[in-house]
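Here's a quick briefing on a protein model.

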Amino acid sequence: MRLSWTAFTELLRCTLLGHLRHRLALVLAVAFIPIWIAVARLCTSDEMIRIRLDAISASVSAPAGQVGQVASALGAITMVAGFITFTETFQSRQMDRRLLLAGYPRLPMLLAKLAAVALTAALLALYTTSLLWISLPVRHTVPLALALAGAGLAYGGIGLLLGSLVRGELEGFFLIIMLSLVDTGLQNPVFNTLMDVAGVSALPLYGVTQLALSSALTAHIPWPHGVLSLTWSAATGALALLVLHTHRPSRSPLSRRAGVRAG
């Protein structure tokens with residue numbers, strides 16, 4: 001038990017240090033999110049728009065600028081979380097393989113990667129919530145932070161999955177960008193006021209968008225819709241664990257030779 005805990009904490013530390021070594025990811029986290037929120041504030045009018053929120057089964061009126069800022073914050077945090085997790089997972093694949101061949105325990109390695117995704121999503125959510133709190137009259141801060149964390153968890157899980165599957169960085173970046181753009185575009189009430197596009201509720205950001213908009217702009221807190229983001233996070237995390245488990249060796253070369261000789 002002590003060995004497993006040591007293996008978990010050591011790999012978690014190495015994974016987080018790997019995040020810190022990616023300067024572009026840090027620049028994205030620190031600069032891109034506030035810039036994207038500011039762009040939404042400057043480029044969107046203060047005209048009142050009426051949007052449909054399925055989370056509270058009602059239509060509400062809110063300034064387009066405020067709606068756009070919340071939607072842009074969700075889009076920014078998905079891209080940053082997806083990029084950070086994908087880059088670290090993709091670049092550490094060879095090292096992880098060598099560790100497993102050397103006998104490093106598999107389960108602590110997988111749990112450490114999931115813990116790193118959760119910590120990254122939590123930090124990004126706290127940072128983004130503080131930015132929105134400065135820019136908007138947020139009604140409910142804690143549910144908004146949970147919604148942002150859910151968005152980071154969902155796309156962090158997607159980044160973890162893609163980092164384990166794709167063969168090149170370009171393919172992974174392209175998939176994250178395209179999925180994030182399509183998802184945030186369909187979930188943004190400024191562009192999709194009626195939210196009546198078929199299948200929009202099956203996308204990763206549906207639940208967190210409903211929770212974020214309701215928390216920031218109304219007096220209602222639709223907690224059940226926030227669970228949808230956790231479902232996406234659990235699904236992508238489970239798929240990533242399955243890929244990591246099946247695509248990487250479970251025994252060292254010495255143990256394989258011993259098995260061949262014993263046979």
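What follows covers the ground rules, the overall fold, the surface and the cavity.

This is a predicted model, where local features need pLDDT of at least 70 and side-chain atom pairs count only at pLDDT 80 or more, while totals for chains, interfaces and linings use all residues. Residues are numbered from 1 along each chain as its sequence is written, and side-chain values use heavy atoms, with hydrogens and water left out.

**Fold**
- The protein has ten helices and two strands, taken as DSSP runs (H or I, at least four residues, for helices; E, at least two, for strands) and numbered from the N terminus.
- Starting at the N terminus, the order is α-α-β-β-α-α-α-α-α-α-α-α.
- Take contacts (heavy atoms within 4.5 Å) between residues at least 6 apart in sequence: 74% of them join residues at least 24 apart.

**Burial and surface**
- Of the 263 residues, 50% are buried, meaning under 20% relative accessible area with a 1.4 Å probe, protein chains only.

**Cavity**
- The whole structure has one cavity of 30 Å³ or more, a cavity being a set of points on a 1 Å grid over the protein atoms alone where a 1.4 Å probe fits but cannot get out.
- The largest cavity holds about 40 Å³, counted as the space filled by probe spheres set on the points.
- Its lining (residues with an atom within 4 Å of a point) includes Thr 15, His 19, Glu 88 and Lys 113.
- Helix 1 (2–21), helix 3 (64–91) and helix 5 (106–135) each bring at least two lining residues to the largest cavity.

Technical notes. On a 1 Å grid over the protein atoms alone, a cavity is a set of points where a 1.4 Å probe fits but cannot get out, and a pocket is an open set with protein on both sides within 12 Å along at least five of seven lines; lining residues have an atom within 4 Å of a point.
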